[in-house]
Amino acid sequence: MIRMKKIINLKNNRFKILAVCFWFLLWEVGSRVVDQEILLASPTEVLLTLLELCREIDFWVTIFFSSKRIVTGFLLALCIGTFWAVLSYKSRLVYELVTPFIKVVKATPVASFIILALIWISSKNLSVLISFFMVVPVIFSNVLQGLNATDEKLLQMAKVYRLNNLKKIKAIYIPSILPYLISAVSVGMGLGFKAGIAAEVIGIPANSIGQRMYEAKLYLMTKELFAWSLVIILISILFEKAILIIIHTLYKEHIQKLRELNRK
Amino acid sequence: MDIRLHHINKQFDEKQVLKDVNMTIVEGDIYCIMGASGAGKTTLVNILMGIIKQDAGEITGMNKRKIAAVFQEDRLIEHWDAVKNILLVCNKSMDESKVKDALEEVGLKDHLKKPVMDLSGGMRRRVAVVRALMADSELIIMDEPFKGLDEALKQQMIQYVKKRTKGKTVILITHDKEEALGLNAKIISILS
């Protein structure tokens, strides 16, 4: 059985690697056809530029500066979004109060938020606010969906046995929310980075990825532009995985068994 | 204190499920509520447990009474094991070894640490019964607690319930007269 699983995993990984190779190859072919580095840099050149950037201390300082702010915005959204979802689940009034705000935030283009926010706060902290605004609706909607999906019959059981809130949260609510929360974290982290970097490109705070991208665009340094885009993708994935690992470690038992339950 | 039901009525949409139900449950006695399917037995105990509210009528003697229940469905935390499920409804002072002993007594010795979703229907039913009996309660309500058990197991469980509920008020729903007789219960019939 284990051997079988290993073979399937190897096969799946092989397909994934092949898919990545295919897209890199297509990129390489595209860059050769276009044959203008300013328009489309080749993947080899981009990787070499990235390696060069890695040697600079500034590169790491820039990543730290941007990540710190975007992740702060994300974590704030995680806490506040969850808090609002819990309150909305408990009170119809809070739900009606929060919903228009969430809907407006969802419908407003990121650029409008960024320009508006620039009037209120300094560009240094802009990415915190923007990543917060973009992530909070995702967290709110998913956590609320998880709470609404809570098994009514188990809640009745808890009521009859007079389980305290802590027991109810541990036994009933957390298992119900977890799949929704994991999906929200996956989507939210990517969204937070996209919006946060967009805010930096417009606000141009010093020592930020946005500033480096803006400069690369200004001086037509396409290789750098691609390299920084690659960096954003990588750190976004890295943070997403890190947060998911934390959730999986905290609720290891729940997640493993819920997966088995879903399979059944 | 006895539990008294006065003129209880309950209607779902157009269907009158309970009509002018009156009964007295004497403290410390075992009662079996019997009746045809759809007669309103589960509705009646759901009203007693506070899960649903009656349309009319009054219940006295239920104030702040601690209830334990075996529901029609097991209502267990599926990904938790039997011991954890039972400890969930027990007082902090409850010793885990006592829970294990109880589960061993009903034939679940080899299944203590398995998630209940991996247990058979009969095993899960036994876990639900043990949970109700181990909880700190003054009234135990059981909705077809021996459903899905074979004859030998059913007899074993009847004896177990009888032993564990001495002096407690028990209300049990069943279709089987043998169960009522086995528990020396007073029979309440609900007519359709």
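Which residues of β3(B) are buried on one side and which on the other? Ile30(B), Cys32(B) and Met34(B) are buried on one side, and Tyr31(B), Ile33(B) and Gly35(B) on the other.

The model is predicted, local features need pLDDT of at least 70, side-chain atom pairs count only at pLDDT 80 or more, and totals for chains, interfaces and linings use all residues. Residues are numbered from 1 along each chain as its sequence is written, chains are lettered from A and ligands numbered from 1 in the order in which they are written, and side-chain values use heavy atoms, with hydrogens and water left out.

**View 1. Burial of strand β3 (residues 30-35) of chain B.** Of the 6 residues in β3(B), 6 are buried (under 20% relative accessible area; exposed is over 50%, partly exposed in between; 1.4 Å probe, protein chains only). Strands are DSSP runs of E with at least two residues, numbered from the N terminus. In a regular strand, side chains alternate between the two faces of the sheet.

**View 2. Partners of β3(B) in chain B.** β3(B) pairs in the parallel sense with β7 (residues 169-173) over 4 bridges and with β8 (residues 186-190) over 5 bridges; pairing requires at least two DSSP bridges between two strands. Ile30(B) has Val170(B) as its bridge partner in β7(B), and Tyr31(B) has Lys186(B) in β8(B).

**View 3. The open sheet of chain B.** Its 5 strands follow the order β5-β6-β7-β3-β8, with parallel pairing. β5 (67-70) and β8 are the edge strands, each pairing on one side only. Neighbouring strands are turned by 20 degrees against each other on average, direction ignored (axes are lines fitted to C-alpha atoms; angles run from 0 to 180 degrees between N-to-C directions).

**View 4. Pairing of β5(B) with β6(B).** β5(B) runs parallel to β6 (residues 139-143) of chain B, joined by 4 bridges. Ala69(B) stands opposite Ile141(B) of β6(B).
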